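Here's a quick briefing to read with the model open beside you.

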Amino acid sequence: MSLNDLQSWLLNEGIQDELDILTRRTVIAELDNLEPDTNPAIETDWSRLLLAGSILVRSELRTHQEAALRIATGAISLSPSKSIRDAGAVLLGKLSNFRAIDLANHRQLIAPNLDTRLGMTLRIESQRRKIDSSVLVESSGQWLRVNDFQQRFWSNASDHDWLSASAPTASGKTFVVMQWLIDQMQSTDSRIAVYLAPTRALVSEIENYLYSILEKTSGVEISSLPLREKYDIARAGTSKLILVFTQERLHLLANTLGDAIFIDLLIVDEAHKIGDAQRGVILQDAIERVGRANSKLKSVFISPATKNPEELLNDAPDTARTATVDADAPTVLQNVILAEQVPRKPKLWKLSMRQHNALLSLGILKLSSSPSGLRKRLAFIAAAAGERGGTLVYTSGAAESEEVADLISQLIIPAQTDSELIELADLARKGIHPNFALASLVERGVAFHYGNMPSLIRLEIERMFRSGKIRFLVCTSTLIEGVNLSCRTIVLRGPRKGIGHPMEPHDFWNLAGRAGRWGDEFQGNIICIDPNDLSAWPIGIPERARYPIKRESDAVISSGESLANYLDRRAVTPLSELEDAERFEQVGAYLLATYLRLGSIVQASFSKRHTSETIEKLENVLASIAAKIDIGSDIASRHSGVSALGLQQLLDAFRAYKGDTENLLPASVDSQDSYDRFITIMRRINKHLYPAFLPEGLIPLHALIVVHWLKGYSLSTMIRKNIDYHKNSGKSYKLPVLIRHTMELVEQTARFRAPKYFSAYMDILNLHLQQIGRNDLIEHEIDIGTQLEFGVSSRTLLSLIELGLSRMSAVLLYERIARDDLTKQDCLDWLINRGTNIDNMDIPAIIAREIKEKLLPNDS
């Protein structure tokens with residue numbers, strides 16, 4: 001019998017029954033309020049299971065490695081014997097799962113200094129594994145323990161120019177990438193690195209993580225602001241710089257620098273999102289843009305469990321050394337648990353675990369009340385099964401997350417009075433609204449979490465959930481976007497991503513990967529409610545699946561004549577009458593900008609992935625459109641996702657304008673006419689550039705939000721003024737809805753659509769002013785896109801954010817500073833010279849702590 005045959009026999013026959021029993025025992029120990037099924041009177045034969053585990057661990061198959069991990073975890077957590085627990089730790093070592101061994105030590109499940117209790121042969125083998133599973137951090141001269149994926153990533157990333165690495169969630173990707181990035185910056189000639197993250201939430205998390213690593217290290221700065229000053233300092237050799245950006249911020253920096261942008265190292269996190277609708281092509285364009293500026297750019301792509309990570313290397317330069325690292329080994333156990341109501345008994349729910357193609361019965365979960373309605377069902381089961389805490393509950397939207405969190409808070413024993421929870425509640429009341437639902441919930445140890453919330457509040461929620469002070473966290477799809485937040489249990493029913501779209505299997509497993517984060521837990525539980533309800537689970541509970549990577553641009557180009565027909569109509573049809581604009585506009589803009597830059601798309605890198613017939617058809621359409629455009633390729637390339645045809649039509653509208661040219665300009669936000677001018681500009685953008693601000697009837701509200709955001713108003717002030725707007729307009733409103741809507745308008749209008757289209761508007765307007773000899777009207781203040789991205793219009797407020805403060809803290813401090821032209825050093829001097837005692841200011845304690853940590857570190 002071959003080794004492969006032996007491993008298959010062990011799993012399918014040899015130890016199947018014992019492994020099923022062990023699985024039930026390990027899972028049952030994780031759940032609360034569960035009445036277990038009667039356990040068979042079979043004593044665990046640990047010697048037999050551990051021997052089987054030592055054979056299975058030599059397999060490359062995920063199912064075999066999971067079985068070995070289950071045996072090791074069971075031995076450590078269930079056996080009363082110290083020698084059996086030690087043997088379980090040895091098995092973890094063979095899996096290179098050293099963080100699980102550290103966790104066992106931390107929880108005092110095994111005694112320290114395991115190696116001293118091993119025989120000579122095992123000790124030598126253990127030392128060899130530690131050497132093989134370590135990488136040298138050249139900048140510090142220290143060795144870093146890693147798993148197999150991390151080891152292969154480190155060696156390949158160092159030896160190649162372009163690398164695409166894929167591994168499941170909870171494989172330690174973020175940890176090893178951060179360590180490698182720091183080492184590269186400190187031990188090589190790289191001066192400027194860009195870390196691209198898909199969302200602002202992840203930008204904040206990565207920035208804070210890097211700050212914590214580099215806290216005592218000099219020579220490398222970190223920034224998330226697309227400003228020229230720090231770039232120029234780093235390029236001049238004074239210091240090194242890591243920029244943490246979204247793709248939109250990278251475009252802002254590139255627009256500021258023009259042809260001068262030169263990035264040494266690019267890391268793209270969640271790189272599979274190059275296939276996302278709307279923003280995928282903006283990411284692709286950003287990668288290509290910095291690649292054109294530096295043909296020797298070192299590029300690293302990170303994605304969670306993708307089918308084809310090599311796809312991301314297709315656009316590498318011909319001379320680049322490329323490599324793929326693809327891993328699928330488990331680091332924690334993830335238990336998929338199905339919850340079905342017992343017939344006629346709504347307070348009793350049968351729990352079963354999916355084990356390969358079989359179901360293992362676990363027992364009956366007892367609820368405290370009958371769950372009438374789907375949201376109560378979700379809340380009640382979460383409150384019961386996850387009573388000990390560390391429980392995430394997934395909902396499909398912000399409103400639902402607030403309601404479910406409120407239901408859970410009524411079912412649990414409130415958290416003991418805790419100063420940090422009280423401080424978070426105070427921040428929510430003062431920073432958002434006195435009646436914001438989060439405040440009263442966190443005082444009971446429950447919270448909700450969604451992407452439009454201010455970053456400072458969101459990060460505090462995550463921190464307190466990790467510490468265990470928040471026991472239940474109700475979340476939305478933000479958790480799929482890469483926020484590194486682990487838990488003990490996830491509870492969900494019919495998960496959706498976006499409005500009404502059932503979650504794809506790969507998204508489901510990316511979310512499920514938050515259960516049992518490596519190094520924090522041995523295992524995690526994914527409780528799926530009503531698994532046989534096809535309205536909730538149209539394809540059933542998803543099997544483990546890997547992301548298929550396909551660029552958004554390739555997917556749209558592959559539609560054939562549809563894209564060509566859209567481009568034909570785009571040139572002659574009023575924007576309000578265009579169909580399929582949402583699907584085709586971004587990619588159409590990308591193709592047109594490429595054509596204008598190269599004079600053809602035939603030689604573009606993407607053309608090799610499509611048929612000659614498709615490329616020829618698009619080439620002909622683009623040539624016809626390009627003949628009507630005279631704005632130049634530079635301006636077209638500056639505005640990713642904005643059509644050069646729309647830019648030309650806007651320029652034509654400026655040329656045809658008969659009024660005073662100054663009326664085309666926006667006014668300073670402090671000017672009395674700024675609001676009216678923003679309304680006019682938004683309508684002009686909708687008519688000539690792209691219908692970005694809809695519906696038309698809400699343009700006054702969009703403009704109001706943008707003006708208040710630029711004025712540097714706090715979110716609480718903006719909400720209050722939105723309430724006044726509704727009252728003065730005679731519009732009815734519900735406070736929770738208005739609060740959520742205001743936050744959504746800030747994120748989607750003020751920070752996304754407005755920067756994108758106002759930047760384009762100003763570029764075309766400045767071109768027009770140059771052409772008519774009115775350079776005197778061109779202003780050289782902070783770029784409008786940067787102002788809108790961060791909600792600033794003054795140098796002082798921008799300086800405070802540059803110093804590392806969240807906007808919430810920066811605005812509160814700015815309200816106390818008279819001058820609007822302070823540099824970073826001026827802001828620090830203002831604090832020091834005034835002898836201001838932060839603790840005596842009437843500000844939330846969390847904001848006071850951030851100010852002291854970022855601006856007065858010697859006093860904190």
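Ser352 has a relative accessibility of 4%, so it counts as buried (buried is under 20% relative accessible area, exposed is over 50%, and partly exposed is in between, with a 1.4 Å probe and protein chains only). Keep in mind that this is a predicted model, where local features need pLDDT of at least 70, side-chain atom pairs count only at pLDDT 80 or more, and totals for chains, interfaces and linings use all residues. Residues are numbered from 1 along each chain as its sequence is written, and side-chain values use heavy atoms, with hydrogens and water left out.

**More on Ser352**

- You'll find Ser352 in strand E12, which covers residues 345-355 (helices are DSSP runs of H or I with at least four residues, strands are runs of E with at least two, and both are numbered from the N terminus).
- Setting aside neighbours within four places in sequence, Ser352 is in contact with Val336, Ile337 and Leu338, and also with Leu359, Leu360, Ser361 and Leu362 (contact means heavy atoms within 4.5 Å).

**The whole protein**

- The count of elements comes to 34 helices and 18 strands.
- A compact globule of 860 residues would have a radius of gyration near 29 Å, and the protein agrees with that at 28 Å (the radius is taken over C-alpha atoms, and the globule rule is 2.2 Å times the number of residues to the power 0.38).
- Along the principal axes, the C-alpha atoms fill a box of roughly 90 × 60 × 60 Å.
- Of the 860 residues, 59% are buried.
- If you take the contacts with a separation of 6 or more, 71% of them link residues 24 or more positions apart.

**A hairpin to look at**

- Strands E2 (residues 134-137) and E3 (residues 142-145) run antiparallel and are joined by four bridges (two strands pair if DSSP finds at least two bridges between them).
- Across this pairing, Ser134 stands opposite Arg145 in E3.
- The hairpin has four residues between its strands, and Gly141 takes a positive phi near 75° there.

- As a rule, most residues other than glycine have a negative phi, and most peptide bonds are trans.
- Asn33 has a positive phi near 55° without being a glycine; Asn33 sits in the loop between helix H2 (16-28) and strand E1 (34-36).
- With a relative accessible area of 34%, Asn33 is partly exposed.
- Gln108 isn't a glycine either, yet its phi is positive at about 60°; look for Gln108 in the loop between helix H6 (98-106) and helix H7 (120-132).
- At 70% relative accessibility, Gln108 counts as exposed.
- The peptide bond from Leu694 to Pro695 is cis, with omega near -10°, and Pro695 is in the loop between helix H26 (674-689) and helix H27 (699-710).

**Two residues in helix H28**

- His726 belongs to helix H28 (residues 715-728), and its 11% relative accessibility makes it buried.
- Leaving out neighbours within four places in sequence, His726 is in contact with Lys731, Ser732, Tyr733 and Leu738.
- Lys721 is in helix H28 too, but Lys721 is partly exposed, at a relative accessible area of 29%.
- Not counting residues up to four places away in sequence, Lys721 touches Leu704, His708 and Tyr713.
- Lys721 and Ile705 are 16 residues apart in sequence, and their C-alpha atoms are 9.2 Å apart.

**One alanine in helix H21**

- Ala564 is part of helix H21 (residues 561-570) and is buried, at 2% relative accessibility.
- Beyond the residues up to four places away in sequence, Ala564 touches Lys617, Leu618 and Val621.
- The C-alpha atoms of Ala564 and Asn620 are separated by 9.1 Å, though the two residues are 56 apart along the chain.
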